[in-house]
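Subject: Structure for your review

Dear colleague,

Please find the structure below, together with a summary of what was found in it.

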Amino acid sequence: MKKTAPVAKNDFIDVVFEDLTHDGAGVAKVDGYPVFVPNGLPGEKAKIKVIKAGKGYGFGRLIELYDKSEYRVEVPEGEAHKYGGTQLKHISYEGQLQFKEKQVREVLSRIGKLEDFKIHPILGMEEPWQYRNKAQVPVGEKDGKLIAGFFKPRSHEIVDTNESLIQHPAVNEAVQTVKEICSQLGIQPYDEEAHKGVLRHIMARYGKTTGELMIVMVTRTTELPQKNKIVEQIVTRLPHIKSIVHNVNSKRTNVILGEKTKVLWGNEVIYDFIGDIKFAISALSFYQVNPDQTKVLYDKALEYAGLTGEESVIDAYCGIGTISLFLAQKAKNVFGVEVVPEAIEDARRNAQLNGINNTEFAAGEAEVVIPEWYKKGNKADVLVVDPPRKGCDEALLQTIIDMKPKKVVYVSCNPATLARDLRILEDGGYKTVEVQPVDMFPQTTHVEAVVKIALK
Ligand code: SAH
């Protein structure tokens, strides 16, 4: 039987929203057929216009709200609100936290087919704004002028704005200043379509506990024209500046940073503290964007690792050694693996910086390095993974299953791949014990969770 949609494009219909999708759109059902409508909230009655009616589901636009959810908050006018990557800002923070917690619970049951695991109430922030320590702002041209700001959703059109509500003010100020300097000096913006021009991105990173600022200027060209003048003006106008870096990315790609970096002024790294541990962070290294919640997350990871001082620990996807150094304080030794060589250099430097000498770091893919270690007879009592959104590679999961560490701690920024990987571990002899969602990214749809997994 061929399924047809009960609605057609351009229909105006009245609906009641029943749920939210993982990217925060309202879900209305018409005779069981789901229509996804940005800005609709569960429980709300509304008039919508159907924009697209596919076979299995459709999309709509909100035309009129007949009533309002108790979780709806007024969104002030302005482009930062419209485009700032803050998809949940129309939901009260309490509502956002409930949405994220529910999402973790449901995805683990639905995709992971997990039963009787314990999930704790999500840990949120007291002040869920201005928390980000890093911005990467795309640069373009409009009417002969250099512009920089946000991409409009699902497009490559840049909205020229200096405001972001979730960035730390020092980050906003830094981006704004560099933008003005480049504009005044007539630096040519990058033209994405033609793959011509010079300046592609301005990146700013701020160490919240140290007040140190890094600027990275990403160009298509190997040279950054007028670099001495740019440096001179940045140093004059931004007193917290500690590092100015030039990064070359000559490829046609959505990836922001290229592989080549050159320090134009100051240090190669900036410093920041998480808890008592000091971290050196270089331009290419991953560093959590919400340092306050990072402490909450790592404390939980440490608790779940349950260390007594006797354990050998492997930290896969270790970045600059953040979790490794946290764990090293309570473990016999920690072995970190990470694919970005610069991050491994940072990790080694960070161990030294903190006088921690029971860690070793290796550059390479976790799914290659850890199986090699295992073949040589190196085992871990506790294994921590903190992979990117795509989750763990299957070869790594298989090695974990063979190696049988007593405990696995999984830090995840994507509940769907987390659920998939937990299922594999459960089938391989592990049990998901506890799940702690942590809100690392207020106002956005991103969901983070840390999970304690033990041998059955
Ligand atoms: N645990 C660190 C980093 C987590 S982000 C922290 O909390 O700061 C994920 C890290 O995995 C990134 O640093 C990324 O460079 C790295 N990575 C991505 N794919 C990898 C792979 N296949 N093997 C090892 N590391 C990888």
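A polar contact is here a pair of N or O atoms within 3.5 Å; within protein, one atom must be able to donate a hydrogen and the other to accept it, and residues adjacent in sequence count only if both atoms are side-chain atoms. By that criterion, a backbone N or O atom of Ala366 lies 2.8 Å from a nitrogen atom of the ligand. A backbone N or O atom of Tyr317 is 3.1 Å from a ligand nitrogen atom, and a polar side-chain atom of Glu367 is 3.1 Å from a nitrogen atom of the ligand. The ligand taken alone exposes 570 Å², of which the protein buries 89% (Shrake-Rupley method, 1.4 Å probe).

Please note that this is a predicted model, in which local features need pLDDT of at least 70 and side-chain atom pairs count only at pLDDT 80 or more, while totals for chains, interfaces and linings use all residues. Residues are numbered from 1 along each chain as its sequence is written, and side-chain values use heavy atoms, with hydrogens and water left out.

Helix 6 (322-328) and helix 8 (366-375) are the elements that give two or more residues to the shell around the ligand (helices are DSSP runs of H or I, at least four residues; strands are runs of E, at least two; both are numbered from the N terminus). The shell comprises nine nonpolar, four polar and four charged residues (Asp, Glu, Lys and Arg count as charged; Ala, Val, Leu, Ile, Met, Phe, Trp, Tyr, Cys and Pro as nonpolar; the others, Gly among them, as polar).

A separate point concerns the lining of the second largest pocket. Helix 2 provides its largest share, six residues. The lining of the second largest pocket has eleven nonpolar, six polar and seven charged residues.

Yours sincerely
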